[in-house]
Amino acid sequence: APNVVVTSFVTKGLYEYQVLTGDQRAAELVLSAAAFVRQDLPLYEDSTGRCISYTPFRRDICYNAGLLAAEILARAYALNGDTRLKEESLSVARFVIARQQEDGRWNYSQDPVSGKEREQVDQALRNGCGCPEKLRSLLPFRRGNDRFLRAQFHDRRPGGAREHVSLARLAPPSADRVERGVYLLVQLAVH
């Protein structure tokens, strides 16, 4: 069944190939993937932005899948300059960044009806969804990485209070983290 995860990985390869070779067919396929995201995948929207569903078969709110869809849109924007693609990808980034927990983590998903989040540490968001270093270095992702490392590697032996390597030392949320986040999301498509 078609889904945004597989589509994003294929699109990433097609985009890189197009950048290296200038192949027009590869560009058309990237734009076709963006059309799939925009036309076939259900949306969830609220005041913080939008989330794009995992598959065309039901509306869901899965944060990492939404970011992978945003990456497809950002790559298509880099190819054709359609600002609607840019705005749609930024809206997803805003939505996901708004859901970061105080301790730095993201939960996996949110029920679109009840709003209840599925509490599980999301490895994909910890890794920046496989995005380039520019996005992984973003403060919210660094805070999420710190939370994951503490949850997984904290020394729980009697008398042991040391933590595994911390990247951001639990930096407090920055007032401009959304603005920096959306800027970097678009930049990953351009560079």
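Modeller: The model is predicted, with local features requiring pLDDT of at least 70 and side-chain atom pairs pLDDT 80 or more, while totals for chains, interfaces and linings use all residues. Residues are numbered from 1 along each chain as its sequence is written, and side-chain values use heavy atoms, without hydrogens and water.

Colleague: Why is helix 1 called roughly antiparallel to helix 2?

Modeller: The axes of helix 1 (residues 4-21) and helix 2 (residues 24-40) cross at roughly 155° and come within 8 Å. Angles over 145 degrees count as roughly antiparallel, so helix 1 is roughly antiparallel to helix 2. The crossing is also left-handed, a term for a near helix turned anticlockwise from the far one by less than a right angle.

Colleague: Which residues make the contact of helix 1 with helix 2, and how do they divide by class?

Modeller: Contact means heavy atoms within 4.5 Å. Residues of helix 1 including Leu-14, Tyr-15 and Tyr-17 meet residues of helix 2, among them Leu-29, Val-30 and Phe-36. By class there are 11 nonpolar, three polar and no charged residues; Ala, Val, Leu, Ile, Met, Phe, Trp, Tyr, Cys and Pro count as nonpolar, Asp, Glu, Lys and Arg as charged, and the others, Gly among them, as polar.

Colleague: What makes helix 2 and helix 3 oblique to each other?

Modeller: Helix 2 and helix 3 pack at about 135°, with their axes 9 Å apart. Angles under 35 degrees are roughly parallel, those over 145 roughly antiparallel, those from 65 to 115 roughly perpendicular, and the rest oblique; helix 2 and helix 3 are therefore oblique. Their crossing is left-handed. The contact includes Leu-31 and Arg-38 of helix 2 and Ile-72 and Arg-75 of helix 3, and its classes are 11 nonpolar, one polar and two charged.

Colleague: How do you know how helix 3 is oriented to helix 4?

Modeller: Helix 3 (residues 63-80) and helix 4 (residues 83-97) pack at about 155°, with their axes 8 Å apart. That angle makes helix 3 roughly antiparallel to helix 4. Among the contact residues are Tyr-63 and Tyr-77 of helix 3 and Lys-86 and Phe-95 of helix 4. The contact residues divide into 12 nonpolar, four polar and two charged.

Colleague: What lines the largest pocket?

Modeller: A pocket is an open set of points on a 1 Å grid with protein on both sides within 12 Å along at least five of seven lines, and a lining residue has an atom within 4 Å of a point. For the largest pocket, 13 residues form the lining, with Arg-58, Asp-60, Ile-61, Ser-109 and Gln-110 nearest its centre. The lining has five nonpolar, two polar and six charged residues.

Technical notes. Axes are lines fitted to C-alpha atoms, for helices over the stretch in contact, and angles run from 0 to 180 degrees between N-to-C directions. Helices (H or I, at least four residues) and strands (E, at least two) are DSSP runs, numbered from the N terminus. On a 1 Å grid over the protein atoms alone, a cavity is a set of points where a 1.4 Å probe fits but cannot get out, and a pocket is an open set with protein on both sides within 12 Å along at least five of seven lines; lining residues have an atom within 4 Å of a point.
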